Every structure is written in structure tokens, then in C-alpha cells.
Amino acid sequence: MALKTHALDALKDYLPENTLEDIIYFMETYHIHLILRKDRKSILGDYRPAHAGKPHTISLNISLNKYHFLITFIHELAHLVNYLNHQQKVLPHGKEWKQVFALLLKRFTDKSVFPDDIHQAITKSMKNLSASTCSDPVLFRVLKKYDDQKEHLVLVEDIEMGARFQTSDGRVFKMIAKRRTRFECEEVKTKRKYLFPGIYEVMIE
């Protein structure tokens with residue numbers, strides 16, 4: 001499947017140096033239709049198998065920094081390869097997917113396309129790959145360092161006890177207590193309690 005030049009030029013802006021040719025190779029080999037989407041809060045990317053004459057489709061958030069964008073593409077590509085190998089006979093993030101994901105990641109870590117801190121975090125993460133980078137707090141924090149800095153946006157784990165913060169939907173919460181892996185917060189308006197992961201991004205009031 002031929003890829004248009006202007007589409008390649010646009011894709012290059014979202015990737016680390018020395019990775020575009022690899023991505024083009026995968027897209028042409030597996031006939032991937034790539035969709036770039038605006039920021040989605042619940043997912044970083046997704047994969048849909050080829051169906052009814054439509055090609056394999058991978059969608060990615062364009063708000064991701066270039067290293068996170070590449071890792072997310074590899075994550076979804078691993079789903080594609082795993083689907084071709086096993087259809088739906090294995091778990092989406094089971095050992096088969098982890099093996100494919102690790103192998104694809106190694107292609108890029110061997111080329112040293114990641115900064116040292118990301119490379120080290122990936123190396124540790126590959127020993128027990130998570131379903132997403134958000135599920136690996138160490139890798140997530142390292143990748144976050146390369147985001148464009150957004151004013152007043154912080155992680156829940158960095159908020160002081162008793163302080164208030166606002167989520168993207170406009171709701172206001174108060175930090176109450178730290179549990180084993182999450183933080184208990186009270187919605188100011190309803191007084192209902194909620195548990196937030198430490199790496200959830202919010203705005204300080």
C-alpha cells in the first residue's frame with residue numbers, strides 16, 4: 001500500500017529521529033490505516049482488526065510526546081501481530097502479546113532512539129510488561145518529563161493533604177488520605193469519596 005508523501009511528512013513530526021523508516025515498513029507490511037486523533041482522556045491509542053474489506057486500523061493521540069507516541073504505536077502494533085498469530089484465542093495483554101511487544105520494542109532500543117532515562121525504564125518494564133504505560137508508574141513518570149509543560153497540571157501524588165484540585169470535567173476534589181497504591185479524595189460538591197491513582201493528572205485550584 002503506497003503512502004502519500006504529505007502523510008509521511010506529517011507523521012515524521014510525531015516520531016523520534018531515525019524511526020520513520022521502521023514505521024513505514026510496518027505500515028506497508030501489515031497494510032495499516034493510521035488515524036491521528038486529538039487528545040482522548042481514557043485511551044492513548046487503539047487497534048481494530050481488518051474487517052469487511054477495511055484494513056487494520058491503529059489510532060494514536062497526537063498529544064503524546066514523540067517517545068510516548070512511538071511506544072504507543074508499538075503497543076498497538078503488537079496487538080495487530082498477536083491477532084494475526086492467534087486471532088482472539090489468547091488474552092489481549094497475555095504472555096503472547098508481551099512477547100511480541102518486547103520483541104518490537106527491542107528493535108528500537110537496539111537503535112538507541114530513546115534518551116537514557118526512557119531506555120532504562122523500558123528495560124526494567126520489559127521484564128514484566130504492563131497493559132499500558134499508564135500501568136507502569138516508573139515508565140509513565142519518565143515519559144511525562146518529555147511532555148510540553150502544561151500550566152497548573154500536576155499529578156495527584158504531588159498534591160498536599162487537604163488541598164483541592166480540579167479534574168478535566170470540572171469537578172473539584174479535596175485530598176484526604178493516601179492508601180496503599182491510591183489516594184482517597186472527596187468530591188467537594190457531593191461529599192462522595194473516590195480513589196485516584198497517583199499518576200492521574202489534575203489541575204490545582
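Predicted model: local features only at pLDDT ≥ 70, side-chain atom pairs only at ≥ 80, totals over all residues.
Colleague: Which residues have the most contacts inside the largest nonpolar core?
Modeller: They are Ile23, Leu70, Phe73, Phe108, Phe114 and Ile118, in a core of 36 residues. A nonpolar core is a set of buried Ala, Val, Leu, Ile, Met, Phe, Trp, Tyr and Cys residues joined through side-chain atoms within 4.5 Å.

Colleague: Which helix gives the most to it?
Modeller: Helix H3 does, with 11 residues.

Colleague: What does Phe114 touch, then?
Modeller: Leaving aside neighbours within four places in sequence, Phe114 is in contact with Tyr67, Leu70, Ile71, Phe108, Thr109, His119 and Ile122, contact meaning heavy atoms within 4.5 Å. Apart from this core lies another one, of 10 residues, among them Val154, Ile159, Phe165 and Phe183.

Colleague: Back to H3. Is His79 buried or exposed?
Modeller: His79, which lies in helix H3, counts as buried because its relative accessibility is 15%.

Colleague: Which side chain does the side chain of His79 join in a polar contact?
Modeller: The partner is His93, at 3.1 Å. A polar contact is a pair of N or O atoms within 3.5 Å; within protein, one must be able to donate a hydrogen and the other to accept it, and residues adjacent in sequence count only if both atoms are side-chain atoms. Not counting residues up to four places away in sequence, His79 touches Tyr47, Pro92, His93 and Trp97.

Colleague: What about Thr72?
Modeller: Thr72 also lies in helix H3, and it counts as buried because its relative accessibility is 5%. Setting aside neighbours within four places in sequence, Thr72 is in contact with Leu44, Gly45, Leu60 and Leu64.

Colleague: Changing topic: what is the strand order in the sheet of 3 strands?
Modeller: The order is E1-E3-E2, in an open sheet with mixed pairing; two strands pair if DSSP finds at least two bridges between them. E1 and E3 pair in the parallel sense over 6 bridges, whereas E2 and E3 pair in the antiparallel sense over 4 bridges.

Colleague: Why is one side of E1 and of E2 left without a neighbour in the sheet?
Modeller: E1 and strand E2 (45-48) stand at the edges and each has a single partner strand, so one side of each lacks a neighbour in the sheet.

Colleague: Why is E3 largely enclosed?
Modeller: 6 of the 6 residues of E3 are buried, so E3 is largely enclosed by the rest of the structure. His56, Ile58 and Leu60 point one way from E3, while Thr57, Ser59 and Asn61 point the other way. In general, side chains in a regular strand alternate between the two faces of the sheet.

Colleague: Which bridge partners can I look for?
Modeller: Ile32 stands opposite His56 in E3, the bridge partner of His33 in E3 is Thr57, and Asp46 stands opposite Ser59 in E3.

Colleague: And how many strands form the antiparallel sheet?
Modeller: 6 strands form that open sheet, in the order E4-E9-E5-E6-E7-E8. Strand E4 (153-155) and strand E8 (193-197) stand at its edges, each with a single partner strand, so one side of each has no neighbour in the sheet.

Colleague: How many bridges join E5 to E6?
Modeller: There are 3 bridges between strand E5 (residues 164-166) and strand E6 (residues 172-178), which run antiparallel, and Gln166 stands opposite Val172 in E6.

Definitions and conventions
Residues numbered from 1 in each chain as written. Heavy atoms only, no water. Buried < 20%, exposed > 50% of the residue type's maximum accessible area, 1.4 Å probe, protein only. Helix = DSSP H or I, 4+ residues; strand = E, 2+ residues; numbered from the N terminus.
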